[in-house]
Amino acid sequence: MPLMEPDEAAIAAGARALANGRLVAFPTETVYGLGAHALDSEAVAGIFAAKGRPTDHPLICHVASTDALAPLVAEVTPTAQELADAFWPGPLTLVMPRSDAVPDAVTGGRDTVAVRVPAHPVALALLRAFGGPVAAPSANRFGRPSPTSASDVADELEDAVAVILDGGPCEIGIESTVLDLTCDPPQVLRPGRISAEQVEQVLGGPVNAVASGPARAPGMLESHYAPGARVEVVAADLVGARAAALDASGVRVAVLAPDAVEGLPAAALVLGPAGSPDHYAARLYAAFRRADAEGAGVILAVPPPAAGIGVAVRDRLQRASAGR
Ligand code: TXA
Ligand code: MG
């Protein structure tokens with residue numbers, strides 16, 4: 001049983017496993033990561049095998065501090081330094097031209113690398129104990145929602161990992177903001193807790209936010225964010241009627257909404273109220289997983305307002321609804 005309380009011995013065991021080319025699942029403030037020694041191509045190949053993920057999908061390199069960025073990138077530009085100072089440790093991933101140290105296995109053969117310093121004490125302890133960069137995508141099987149608890153990871157990847165460090169539920173609950181610094185102005189490839197506006201404030205210049213739509217970042221497939229149930233994004237005032245219609249046609253309906261919804265069919269699975277956009281983000285993937293576990297055919301999701309992390313939640317709902 002690889003699931004471990006993240007005490008000193010478990011962190012040391014995780015660091016040893018990484019050094020030996022094995023996989024270690026660890027908590028971050030966003031979602032759980034499936035980590036491997038980033039400079040060991042064979043170890044990184046193990047991530048793709050465990051996840052069933054296509055090998056041209058690039059991975060994020062996790063490091064313990066901004067000092068550890070320089071060896072991975074061609075140059076630490078003033079922009080990168082400013083953003084690191086402002087947001088690291090934290091849920092912002094920076095895409096930059098890579099150095100020769102980073103293997104093709106990590107970048108999917110691209111000449112850029114994605115890097116972040118996670119804001120979670122267990123992740124940081126593991127990274128410090130290991131002493132090098134850790135390549136880690138979200139610790140789910142390909143095509144499943146990202147895991148936000150250690151048991152989510154164990155359900156899907158227990159056999160593939162040496163250690164799962166149990167850090168409890170993830171605080172943010174959706175993946176980091178991915179910002180491409182190889183273009184001018186910088187471009188958000190994946191929205192997250194840190195908004196384009198927050199980045200603009202730090203840089204004192206424009207940042208291209210993304211509208212929802214087809215994947216901009218390599219490997220950011222719609223289906224990547226989808227549960228088994230079909231997701232329908234609906235307005236709050238229409239959810240009751242839609243739930244009744246689906247229920248009448250024999251479909252098990254799950255409902256996820258910021259506020260309590262009145263007048264749902266008795267058989268409906270109520271996944272909320274999800275509350276504020278931050279709470280909604282923190283509960284989103286657990287709600288998807290619960291709907292699947294309870295055999296829901298359709299999830300009716302009322303989106304949060306498009307402000308702050310609400311933008312990112314709406315992006316994930318959109319992808320989930322397009323994914324099946
Ligand atoms: O919050 C997160 O970012 C989590 C935790 C574990 O840190 N990780 C995560 O990894 O979400 P993953 O592999 O599921 O998503 C990484 C995404 C890729 O799908 C891709 O969109 C983008 O980061 N990415 C990675 N390297 C890139 C590159 N060189 N150029 C452009 N996008 C890249
Ligand atoms: Mg992922």
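A: Start with Arg-319 and Asp-315, which form a salt bridge whose closest N and O atoms are 3.2 Å apart. The term stands for a side-chain nitrogen of Lys or Arg within 4 Å of a carboxyl oxygen of Asp or Glu. This is a predicted model, in which local features need pLDDT of at least 70 and side-chain atom pairs count only at pLDDT 80 or more, while totals for chains, interfaces and linings use all residues. Residues are numbered from 1 along each chain as its sequence is written, chains are lettered from A and ligands numbered from 1 in the order in which they are written, and side-chain values use heavy atoms, with hydrogens and water left out.

Arg-319 and Asp-315 sit four residues apart in helix H10 (residues 310-322), so about one helical turn separates them. Helices (H or I, at least four residues) and strands (E, at least two) are DSSP runs, numbered from the N terminus. Both partners, Arg-319 and Asp-315, are buried; that word means under 20% relative accessible area, while exposed means over 50% and partly exposed lies in between (1.4 Å probe, protein chains only).

Another pair to look at is Glu-232 with Arg-230, a salt bridge with its closest N and O atoms 2.6 Å apart. Here Glu-232 is buried, at 14% relative accessible area, whereas Arg-230 is partly exposed, at 38%. As a general point, side chains of opposite charge can pair when their charged atoms come close.

Now step back to the whole chain. It is divided into domain 1 (3-203) and domain 2 (230-321), with bounds that come from an automatic or database domain assignment. Taken over C-alpha atoms, the centres of domain 1 and domain 2 are 29 Å apart.

What brings the salt bridges back into the story is the boundary between these domains. The structure holds 13 salt bridges, and the count between domain 1 and domain 2 is five. Take Asp-292 and Arg-144, which form a salt bridge with 3.2 Å between the closest N and O atoms. Asp-292 belongs to helix H9 (residues 277-293) and Arg-144 to the loop between strand E7 (134-135) and H6, so this pair ties together parts that are 148 residues apart in sequence. Asp-292 is partly exposed, with a relative accessible area of 23%, and Arg-144 is partly exposed too, with 25%. Arg-289 forms a salt bridge with Asp-152, at 3.7 Å between the closest N and O atoms. These residues belong to a network of salt bridges that links Arg-144, Asp-152, Glu-156, Arg-289 and Asp-292.

The boundary involves other kinds of meeting as well. In contact (heavy atoms within 4.5 Å) are 18 residues of domain 1 and 15 residues of domain 2. Across the interface there are eight residue pairs in polar contact, both residues at pLDDT 80 or more. A polar contact is a pair of N or O atoms within 3.5 Å; within protein, one must be able to donate a hydrogen and the other to accept it, and residues adjacent in sequence count only if both atoms are side-chain atoms.

How much area do domain 1 and domain 2 bury between them? The figure is about 1,300 Å², 53% of it on carbon and sulfur atoms. Buried area is the accessible area (1.4 Å probe) that two parts lose on being put together, summed over both. On the domain 1 side, Pro-145, Ile-174 and Pro-191 lose the most area to domain 2, together 38% of what that side buries.

Finally, turn from charges to nonpolar cores. Such a core is a set of buried Ala, Val, Leu, Ile, Met, Phe, Trp, Tyr and Cys residues joined through side-chain atoms within 4.5 Å. The largest has 48 residues, of which Leu-94 and Leu-179 touch the most other members. Helix H2 (41-51) is one of the elements that each supply at least two residues of this core, and H2 gives the most, with five residues. Apart from this core lies another, of 26 residues, including Val-231, Leu-256, Ala-291 and Ala-320.
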